[in-house]
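Dear colleague,

Please find below the structure that I am handing over to you. My notes on what was found in it follow directly after.

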Amino acid sequence: MSELQYPADLRYTEDHEWVADKGEGVVRVGITAYAQDALGDVVYVSLPSVGDSVTAGESCGEVESTKSVSDLYSPLDGEVVAVNDTLDAEPGTVNSDPYGSGWMFEIRPSDASAIDGLMDADAYTGSLD
Amino acid sequence: MSEAKLSPLDERHRALGAKMADFGGWAMPIEYPGGGVVREHTAVRERVGIFDVSHLGKATVQGEGALDFVNACLSNDLRKIEPGKAQYTMCCDESGGVVDDLIVYVKAEDDLFLIPNAANTAEVVRRLAEAAPEGINVRDAHEEFAVLAVQGPKSDEVVSALGLPVDHDYMSFDEAEWEGRPLTVCRTGYTGERGYELVSRWEDALALWDALLEAAAPYEGLPCGLGARDTLRTEMGYPLHGQDLSLEITPVQARAGWAVGWKKDSFWGKDALAKEKAEGPRRISRGLKLTGRGIPRAHCVVRSTEGEELGEVTSGTFSPTLGQGVALALMLPDVAEGDTVAVDVRGRLLEAVVTKPPFVEVQTRSN
């Protein structure tokens, strides 16, 4: 749908996740407007634990809606340094605010420059057509 | 796959921006924007929702002796009801497997109206037509009638706003007229709420849909898709053919024996079902309620706390009313209500308690 937004200051993956550079070697990860719209009402999010080692492209959690379930992937190699615990009680924020309070986890990438290898907003929206 | 058939309301669904999906060969709305399954589900539980279920089959069986003929084929006993009433029943094969579950509306001894599932209508009609004696005519009327469901505590207000009759007994129906158009108002549904299913002529469906949505607006009623219909029926433990009932899952296993007329002389599958009932089924459908987070889905394996395989989930979903996962599962017969079991959800073992459905209180007969 036309009203779905893809902020230009974020990076994106083929798995429909966004990655934001938080500075100080930390990136924040969530799912895109397209992903939350395709899933429908998100009712349960299973996140990795702080301290977990994650590998780019490998599953590290799940996002479940009333009608389907989708794996959550780590966009980069690194270590999980924070997770959004508020999603336990309010999973619907993934739908209402996917780039804000619906964020999922933060990692400290082992290669700080790896984020530059991800798609920018134009490349991602191009991939949706 | 052949092209999906279209509801008479297809243009309305697309104009509303509904997400469409295939249901038994029909392109039907799953959910509408601004609603979503949870919001639509809640509208039905608390206020009112309008569903297009025109994909459901329609068939007629007419001619002298039509009621006795159908009664000798389908599982439930039509002699328990009178004209003007509807009955839930099953069309079984000789092995006791379920070809389809359906509602039979008795208009008269010689005039029955059937609403089977979309994907099974042709097969039910074929079996009945093949068995029908001379003088009894079985006809597939799938695209002659539309079905709109008005479900929820405010459904009487919405239906009566159109000048239609309301407040008849649960599982009964009235022939009525709306602005000169013939209509059947049935006190039936698949949500567990008080509600109605309106059977109109195919060509009258657009005007009826618009009028119902307008009448529902003051009560904050919503158009509801088949996604919400599925979460609503699962909360009630109502079986869905193809998942909880099938050619492999008999009514005895599905604990739908209440819809079998055991005392009738004959019906399709009687011998096999009576034998299975007497010997005890090898597996039985029971409800599961998850104690923690996570959602069971169809085909998830159910295990005992010791790891023994007990069976599998046939329908599972997130219950918007309870805020937790619920399921129907076919399990070994010695599993009992109150038992704690584990559901294998993609490799994670989630604790569940065997719970008798409905998971949410039934309101179909409430005022």
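This is a predicted model: local features need pLDDT of at least 70, side-chain atom pairs count only at pLDDT 80 or more; totals for chains, interfaces and linings use all residues.

In which loop of chain B does B:D167 lie? B:D167 lies in the loop between α5 (155–161) and β11 of chain B, where helices (H or I, at least four residues) and strands (E, at least two) are DSSP runs numbered from the N terminus.

Residues are numbered from 1 along each chain as its sequence is written, chains are lettered from A and ligands numbered from 1 in the order in which they are written, and side-chain values use heavy atoms, with hydrogens and water left out.

Backbone features

B:D167 has a positive phi of about 70° although it is not a glycine. At 47% relative accessibility B:D167 is partly exposed; buried means under 20% relative accessible area, exposed over 50%, and partly exposed in between (1.4 Å probe, protein chains only). B:H299 is likewise a residue other than glycine with a positive phi, near 80°. B:H299 is found in the loop between β15 (284–290) and β16 (301–304) of chain B and counts as exposed, because its relative accessibility is 60%. For context, most residues other than glycine have a negative phi, and most peptide bonds are trans. A cis peptide bond joins B:P357 and B:P358, with omega about 5°. B:P358 lies in the segment after β20 (348–355) of chain B.

Domains 1 and 2 of chain B

Chain B is assigned domain 1 (5–53 + 143–236), domain 2 (59–140) and domain 3 (282–367); such bounds come from an automatic or database domain assignment. The centres of domain 1 of chain B and domain 2 of chain B, taken over C-alpha atoms, are separated by 24 Å. In domain 1 of chain B, 16 residues are in contact with 15 residues of domain 2 of chain B, contact meaning heavy atoms within 4.5 Å. The two domains bury about 1,100 Å² between them, 62% of it on carbon and sulfur atoms. Buried area here is the accessible area (1.4 Å probe) that two parts lose on being put together, summed over both. On the side of domain 1 of chain B, the residues that lose the most area to domain 2 of chain B are B:E144, B:M171 and B:F173, together 46% of what that side buries.

The rule finds 3 salt bridges across this interface, a salt bridge being a side-chain nitrogen of Lys or Arg within 4 Å of a carboxyl oxygen of Asp or Glu. B:E175 forms a salt bridge with B:K107, the closest N and O atoms being 3.4 Å apart. Between domain 1 of chain B and domain 2 of chain B there are also 5 residue pairs in polar contact (both at pLDDT 80 or more). A polar contact is a pair of N or O atoms within 3.5 Å; within protein, one must be able to donate a hydrogen and the other to accept it, and residues adjacent in sequence count only if both atoms are side-chain atoms. β10 (145–151), β11 (173–178), β12 (181–186) and β13 (195–201) of chain B each supply at least two residues of the domain 1 side.

B:R194 sits in the loop between β12 and β13 of chain B. B:R194 counts as buried, at 5% relative accessibility, and its side chain makes a polar contact with the side chain of B:D156 (2.8 Å).

The interface of chain A and chain B

Here 15 residues of chain A are in contact with 15 residues of chain B. The area buried between chain A and chain B is about 1,400 Å², of which carbon and sulfur atoms give 45%. A:Y44, A:T66 and A:K67 supply 38% of the area that chain A buries against chain B, more than any other three residues. There are 5 salt bridges between chain A and chain B. B:R293 forms a salt bridge with A:D88, with the closest N and O atoms 3.4 Å apart. α1 (33–39), β4 (42–46) and β6 (59–65) of chain A are the elements that give two or more residues to the side of chain A that touches chain B.

With kind regards
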